[in-house]
Amino acid sequence: MLRAYELSHLLLRRSLQAGDWVVDATVGNGHDTLFLAQIVGPKGCVFGFDVQEEALRTAKKRLHGLAQVTLFHNGHEHLSDRLPKSASDQLAAVMFNLGYLPGGDKAIVTRTETTLSAVEQALSKLKDRGLVTLVLYPGHPGGADEAEAVRSFAANLPEAFHASQYGRINCLHRAPELLVIERVS
């Protein structure tokens, strides 16, 4: 059985192509950032956001100076402020891996209000057939509330978007789940 992040990678691998513009809204240790950079290649653009300097240092080491990656020491709620104006309606994908930095300070977590703001901004910049993937972690303090707020937001999107949810079979274990939003028109 695929884990939530593995399923997000599979879906993005099928929809992205060389030259696409993408965002890793929660860089963390840089695994998703590297994954995106490998898919879009040197002609693509990857923009990454994280609030923790430690995360960005680790990610930079993992990325080995890939020219197509630009990292921002900012929260994902600043996505619209930091992306180039030319990114409007150009994003093929935006990835979110919510929660806390693996191996880092578990007191520093994504927050509902900044996540919802970032998702809304991401949707406004998404091109047709573009995807927003959100790996939700309801198991940490505040994670269940954030996951529920994101699910609720996705359930009330306009007709231009379609949301799909994967992995929420057994709520008792609070396992990670994947929410995917696609711009359909």
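Predicted model: local features only at pLDDT ≥ 70, side-chain atom pairs only at ≥ 80, totals over all residues.
Trainee: How many aromatic pairs does a search of the whole structure find, and which residues do ring pairs link into a cluster?

Mentor: A pair of aromatic rings is described by the distance of the centres and the angle of the planes. Searching the whole structure on that basis gives 3 aromatic pairs. Ring pairs join the residues concerned into a cluster, whose members are W21, F47, F49 and F72.

Trainee: Is the pair of F47 and F72 stacked or tilted?

Mentor: The ring centres of F47 and F72 are 6.5 Å apart, and this pair links distant parts of the chain, with F47 in strand β2 (residues 45-49) and F72 in strand β3 (residues 69-72), 25 residues apart. Both partners count as buried, F47 at 6% relative accessibility and F72 at 8%. Planes under 30 degrees apart count as stacked, and because the planes of F47 and F72 are at 15 degrees, the pair is stacked.

Trainee: How is the pair of F49 and F72 classed, stacked or tilted?

Mentor: F49 in β2 and F72 in β3 are 23 residues apart, and their pair too links distant parts of the chain; both residues are buried. The ring centres of F49 and F72 lie 5.0 Å apart and the planes are at 35 degrees, so the pair is tilted.

Trainee: Which residue in β3 does F49 stand opposite, and how do β2 and β3 run?

Mentor: Strands β2 and β3 are joined by 4 bridges and run parallel. Together with helix α3 (residues 53-63), β2 and β3 make a right-handed β-α-β unit. Across from F49, the residue in β3 is F72.

Trainee: Is V22 buried or exposed, and which residues is it in contact with beyond its neighbours within four places in sequence?

Mentor: V22 belongs to strand β1 (residues 21-24), and at 0% relative accessibility V22 counts as buried. Its contacts, with neighbours within four places in sequence left aside, include F47, a residue that also takes part in the stacked pair with F72.

Trainee: Why do the buried residues of α6 line one face of the helix?

Mentor: An α-helix has 3.6 residues a turn, so residues three or four places apart point the same way. In α6 the buried residues are G143, E146, A147, V150, R151 and A154. Viewed down the axis of α6, these buried residues line one face because they fall within an arc of 135 degrees.

Trainee: What do the buried residues of α6 pack against, and which exposed residues does the opposite face carry?

Mentor: The buried residues of α6 pack against α5 (112-125), β5 (126-136), β6 (161-166) and β7 (177-183). On the face of α6 turned away from that buried side, the exposed residues are D145 and A155.

Trainee: What values of phi do H64 and R129 have, and are these residues buried or exposed?

Mentor: Most residues other than glycine have a negative phi. H64, in the loop between α3 and β3, has a positive phi near 50 degrees, whereas R129, in strand β5, has a positive phi near 70 degrees. At 70% relative accessibility for H64 and 51% for R129, and with a cut-off of over 50%, each residue counts as exposed.

Key. Residues numbered from 1 in each chain as written. Heavy atoms only, no water. Phe/Tyr/Trp six-rings, centres within 6.5 Å; stacked < 30°, edge-to-face > 60°. Helix = DSSP H or I, 4+ residues; strand = E, 2+ residues; numbered from the N terminus. Buried < 20%, exposed > 50% of the residue type's maximum accessible area, 1.4 Å probe, protein only. Pairing = 2+ DSSP bridges. Right-handed = clockwise from strand over helix to strand, strands pointing away. Arc of directions from axis to C-beta. Contact = heavy atoms within 4.5 Å.
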